[in-house]
Amino acid sequence: MTAPLRIALVDDEALIRSGFAAVIGAEPDLDVVAQGADGIDALAIARSGRADVMLMDVRMPKVDGIEATARITAELADPPKILVVTTFDNDDYVWQALRAGADGFLLKRTRLEDLLAAVRLVARTDALLFPEAVRRLAAAVPDRKAPKGIGDLSEREREVLTLAARGLSNAEIAAELFLGRETVKTHLSSVYTKLGVRDRTQAVIAAYEGGLV
């Protein structure tokens, strides 16, 4: 039997945390293992290695969710997947979450079934939850210039990055290009190195900013 996914909830509103905990905790394959009220708590939970997925509020005291996400993804070699959750449908928040390394962005008014599906998706695949948001936001940046390193990518690396930017997971990319999953991972690692980015999210941003998609 597969162990339940370990979920952490970080929000300065206790009512929000308890509501999410009740919904998520009722699922047999999900287990709420930690809760926090600010970004400091989020850092401590992430460093403990207790959570597979962290639902992170944006506006919190001490350290906000965007800054906490940036610190976690920069500091930890294997951070939890982070879903940034906020009340505000604000493009600036989406862009900041992307830049910080979040794996997904959800509104608190998202339907419960969609919230649960998002938690499972980011935990079990390499796909990003917001490729459409990346496309929209990158297109709005005036005078876009190809990020450094885009021109150094091989044809295969461009293909792999383009599919990742469209929201495909490693397994889906492998099937699309008739490659092994490890080969896809190797190509992505090379892409990260050439672009000077730390993760998939940053590479996807570069793909859109560079006009690959």
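Arg200 lies in helix H10, which spans residues 200-209; helices (H or I, at least four residues) and strands (E, at least two) are DSSP runs, numbered from the N terminus. The structure is a predicted model, in which local features need pLDDT of at least 70, side-chain atom pairs count only at pLDDT 80 or more, and totals for chains, interfaces and linings use all residues. Residues are numbered from 1 along each chain as its sequence is written, and side-chain values use heavy atoms, with hydrogens and water left out.

At 10% relative accessibility, Arg200 counts as buried, where buried means under 20% relative accessible area, exposed over 50% and partly exposed in between (1.4 Å probe, protein chains only). The side chain of Arg200 reaches the backbone oxygen of Leu168 at 3.0 Å. This is a polar contact, defined as a pair of N or O atoms within 3.5 Å; within protein, one must be able to donate a hydrogen and the other to accept it, and residues adjacent in sequence count only if both atoms are side-chain atoms. At the start of H10, a side-chain oxygen of Asp199 comes to within 3.3 Å of the backbone nitrogen of Thr201. Of the 10 residues of H10, 10 are buried, so the helix is largely enclosed by the rest of the structure. Among them are Gln202, Val204, Tyr208 and Glu209. Just after H10, Gly211 adopts a positive phi of about 80°.

The protein as a whole contains 10 helices and five strands. Of its 213 residues, 48% count as buried. Among contacts (heavy atoms within 4.5 Å) between residues at least 6 apart in sequence, 66% join residues at least 24 apart.

In soluble globular proteins, nonpolar side chains tend to be buried together. A nonpolar core is here a set of buried Ala, Val, Leu, Ile, Met, Phe, Trp, Tyr and Cys residues joined through side-chain atoms within 4.5 Å. The largest such core has 29 residues, and Met54, Met56 and Ile72 have the most contacts inside it. At least two residues of this core come from each of strand S1 (5-10), helix H2 (39-48), strand S3 (53-57), H3, strand S4 (81-86), helix H4 (91-100) and strand S5 (104-107). The greatest contribution to this core, six residues, is that of H4. Another core, of 22 residues, lies apart from it and includes Ile150, Val160, Leu161 and Val204. Leaving aside residues up to four places away in sequence, Met54 touches Ala8, Val10, Ala42, Ile45, Ala46, Ile72, Pro80, Lys81, Ile82 and Leu83.

Helix H3 (residues 65-75) has as its buried residues Gly65, Ile66, Ala68, Thr69, Ile72 and Thr73. Seen down the axis of H3, these residues fall within an arc of 160°, so they line one face of the helix; the arc is that of the directions from the helix axis to the C-beta atoms. The N-terminal end of H3 is capped by Asp64, a side-chain oxygen of which lies 3.1 Å from the backbone nitrogen of Ile66. Ala68, within H3, counts as buried at 0% relative accessibility. Beyond residues up to four places away in sequence, Ala68 touches Gly39, Ala42, Leu43, Met56 and Val63. Ala68 and Asp38 are 30 residues apart in sequence, and their C-alpha atoms are 8.7 Å apart in space.

Leu43 belongs to helix H2 and is buried, with a relative accessible area of 3%. With residues up to four places away in sequence not counted, Leu43 touches Ala68, Arg71 and Ile72. From C-alpha to C-alpha, Leu43 and Leu76 are 9.9 Å apart in space, and they are 33 residues apart in sequence.

Strands S4 and S5 pair in the parallel sense over four bridges; two strands pair if DSSP finds at least two bridges between them. Phe105 in S5 is the bridge partner of Val84. In a regular strand the side chains alternate between the two faces of the sheet. Both faces of S5 are covered, with Gly104 and Leu106 buried on one side and Phe105 and Leu107 buried on the other.

Asp57 is found in strand S3 and counts as buried at 5% relative accessibility. Not counting residues up to four places away in sequence, Asp57 touches Val10, Asp11, Asp12, Gly65, Val85, Thr86 and Lys108. The UniProt annotation "modified residue: 4-aspartylphosphate", from an unreviewed entry, covers Asp57. UniProt positions are given in the numbering used here, feature names are shortened, and annotations may be inferred rather than shown by experiment.
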